[in-house]
Every structure is written in C-alpha cells, then in structure tokens.
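Subject: Structure handover

Hello,

Here is the structure we spoke about, with my notes below it. Please look through the notes with the structure open.

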Amino acid sequence: MILDFFRLSVNSLRHRKRRSWLTIIGTLIGIMAVVSLVSIGQGLESSISSELEELGGRNVFISSGGGIGGRFSDTTFELTENDIQAIDRVPEIENSIGTISGSVAADYRRETEYISVTGVPTGQKADLVREISGLEIKEGRYIRQADESAVIVETDLAEDAFEEELFLRSKIDIDQDYSIVGTYTVSGGFQGINGFVMPIDQARKVLDKENEYDLIIAQTQDGVRPEEAADEIREALRNERDVEEGSEDFQVRTAEDILRSFRNQLNIVRGVLLGIGSISLLVGGIGIMNTMYTAVTERTREIGVMKAIGATQRQILALFMIESGIVGMIGGIAGATVGIGISYIAGILIEQSVSIPFSPYVSVELVVGSVGFSFIIGVISGVLPARKASKKEPVEALRFE
C-alpha cells in the first residue's frame, strides 16, 4: 500500500514538473546552507585542532593587553626583556622567544604596498624560533644574526604582494634595500610569524620599536600541561609588573584558549547561518504547503473518484502527506549534494588562504539526516492540505467543475 502511495505521488509530481521544481528550490537552499555550514565548520574545527595540537601543544602565548601580536591591545604597557627573564625563571618553562611585528610601506619595482614585517631572534635561538612557530624554509636559507639587509618572505606573499612576483635575491626597499634570501611557510595560523621576516634588531629600526615585544612564545617542559604553565606565568608576570590579580595588563593564552575562542566565534557564525537556513526551510515549507493546497483544488474530482471506489480518509491523508514529503526529500537530496560540493570548493579556497590542511566533514549521518529532515519538513507542510483533501465528501468532489 505504501509503495502504491509513493508511485501515485511520483506520477502526480511528474505531471507538475515546473511547479514542483520551483517548490523544491526553497527546501534545496535551506538544506544546502545547513549541510555546507556543518561540513565546513566541522572540517575547519578539526583542522585547526590538529594543527594546534601538533605545533601549539607545548606553547604558551603572552601578549600585552588583549590580543596576540598586540593587534587588539587596549593598553600602553609593552612586553619587555624583563618579562622574558621572568618567564624563563618559571620552572615549568623550557624556552621562550620574543617577536615584534607591524606594517610598513615597501617599494618593489616602482610599486608601493603596505606589508607585514616580523622581527625574530637569530643566532642561538634561530632553531627555537623555527621549532616553536612551525616555520619551514621552502627555498633559499634562513636569516642569520650577521644579516643586516636580508629577509625571508612567506611563499604566498611572494606571489601576491606585488604585481610582479618576488624571487630569491629580489631587492625590496623597506627604509633601505633588503635582499630576499629565502621563502617560507608556517604551519597553523596562531604562531605570530607572518609576512617578511627579518632579524629582530633590524625590525626594531624598521618598525621604530626600541625595547618592547609584541608577542612572547614560551615552550613548556616535557610533560607539563600548558594550562599549568600559563597559571605560573601569570603569577610571575604579576609579580614582575606589580599588578593585582584581575588587573593584569597582559594576556596569557594556550593553544586550547585560542581554540576555544575560535570555537566561540565559529558558533556565532553558525548561529547566524543556521538562522538564514531555517528561514529558507520555513519559506520552502510554506511553498510546499501552497503547492499542495493548489494540488488539492486541482484534483478534487480525482479525490472524489478515489473515495467513491472505497478510499478512506486515512488513505487520502497519507497519499497527500507522502507527496509533500517527497517534494521535501527531493529538495533535501539536491540541497545535500550542492552543499557538499560547496564545502569542497570552500575547502580548496581555505587551504590556499590559510595554508593548513583542510578536509570538509562529510558523513553518512550528515547526508541521511539532512534528507530525512527535509522529508519531515515536507510531510509537516502537507498536513493541512492533506486534511482538507481527506475531508472532502465524494458526491461534492465528483460534482466539482
């Protein structure tokens, strides 16, 4: 009996192709938004988590005021060498480095652009910088302590910063001529290294920062949880700066803190997009209801015939509810397919923009759940039209012109 209902419903929809597809579009958009959002969101969260676990598992990030790198700082108290020494005295800390960063005007082949510059320690701490930040040289070499006019540049920036691509030994004017001696990539997005990287002494001259640091990255001893080390660092810096708990003019964060902040921001975006998707599903449901009301009116005589040959109210109700459910299900299948396609396209763009491995989250549960949910939306939307059809009297329906 149920299979007969499905067959009759499909035949009915085939006779109303244009109207059915216009109705399906509303559900398609809603399911597409939900599936792509879940797939991209879960995939991005998984990628960021794995990167932070790999590179930031032993790292603690210290910045002045309210943000890594000082970008969102709301205070004039900078981090200094005294702060690094205080951090190094914490038993749970093995090593630490300080970096500075900023934006400057750079000239290359008669073109001027504002670029990001990062100053890092060299010499004995060069290997530590690369280990902590996940910096990997792709071409050329790393900067040396003796370098007075050498920089390395992020691979993507070398290709996109100027109209003409930057190469090894290219000369770029940043207050003076600097030669590019290497290109690099950085794994993860929270390590404080970006743009053009030069020895910190040279960066101080370029950025006009005499003694302060924008970011200190501390590495914990083996076996020490970063959260425990972070608490000790806060205590050491409070003593060094003579500030009370709750009045700190610095911020100490771990990879888990950064991930938690990222998740909170992602949840806000999810909420907004889910709201948009829900509105689309609501509009789609109303469209299904409107289509089914029209179908009931157009098929009044057909309903009368079915009742005259013995169809019950329950059977008529089931027939029209299944038909509306199929409309929703087709929209769900199409929406899930398009949503998965969008998530893979977004994955390629995300990988290229942030240089981290990214794989969209696609599972049987996600696809089946979205299709099943769209079927339920269709069934619910068809309840009122189906009830109207089931309550028609056979004689009145057969007399309908």
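**Strand S7 and its partners**

Strand S5 (residues 150-154) runs parallel to S7, and five bridges join the two. Within this pairing, Val 151 is placed opposite Ile 180 of S7. Please keep in mind that this is a predicted model.

S7 also pairs with strand S4 (residues 135-140), this time antiparallel, again through five bridges. Here Glu 136 is the residue that faces Thr 185 in S7. Strand S6 (residues 171-173) is likewise antiparallel to S7, with three bridges between them. Asp 173 stands across from Asp 177 of S7. S6 and S7 make a hairpin with three residues between the strands, and Asp 175 has a positive phi there, near 75°.

How many of the 10 residues of S7 are buried? Eight are, so the strand, which spans residues 177-186, is largely enclosed by the rest of the structure. As background, side chains in a regular strand alternate between the two faces of the sheet.

**Salt bridges**

Searching the whole structure gives 13 salt bridges. In general, oppositely charged side chains can pair when their charged atoms come close.

Glu 136, already mentioned for its place opposite Thr 185, forms a salt bridge with Lys 138 at 3.7 Å, N to O. Both ends are partly exposed: Lys 138 has a relative accessible area of 48%, and Glu 136 has 40%.

Arg 238 and Glu 235 form another salt bridge, at 3.0 Å from N to O. The two residues are three apart in helix H7 (residues 226-241), so about one helical turn separates them. Which of them is buried, and which is partly exposed? Arg 238 is buried, at 10% relative accessibility, while Glu 235 is partly exposed, at 36%.

The side chains of Arg 241 and Asp 249 also meet in a salt bridge, with an N to O distance of 3.0 Å. Arg 241 is buried, with 16% relative accessible area, and Asp 249 is buried too, with 11%.

**Surface patches**

- The negative patch consists of Glu 139, Glu 159, Asp 160 and Glu 165. Asp 160 sits in helix H5 (residues 155-160). Asp 160 counts as exposed because its relative accessibility is 59%, and the cut-off for exposed is over 50%.
- The nonpolar patch is made up of Ile 268, Val 269, Val 272, Leu 273 and Ile 276, which together have about 440 Å² of accessible area. One of these residues, Val 269, lies in helix H8 (residues 255-298). Val 269 is partly exposed, at 42% relative accessibility.

Regards

Conventions
Residues are numbered from 1 along each chain as its sequence is written. This is a predicted model: local features need pLDDT of at least 70, side-chain atom pairs count only at pLDDT 80 or more; totals for chains, interfaces and linings use all residues. Side-chain values use heavy atoms; hydrogens and water are left out. Patches are made of residues with over 30% relative accessible area and no salt bridge: like charges are joined within 9 Å, nonpolar side chains (Val, Leu, Ile, Met, Phe, Trp, Tyr) within 5 Å. Accessible areas come from the Shrake-Rupley method with a 1.4 Å probe; for residues, only the protein chains shown count as cover. A salt bridge is a side-chain nitrogen of Lys or Arg within 4 Å of a carboxyl oxygen of Asp or Glu. Lys and Arg count as positive and Asp and Glu as negative; His and the chain ends are not counted. The place of a charge is taken as NZ of Lys, CZ of Arg, CG of Asp or CD of Glu. Helices (H or I, at least four residues) and strands (E, at least two) are DSSP runs, numbered from the N terminus. Buried means under 20% relative accessible area, exposed over 50%, partly exposed in between (1.4 Å probe, protein chains only). Two strands pair if DSSP finds at least two bridges between them.
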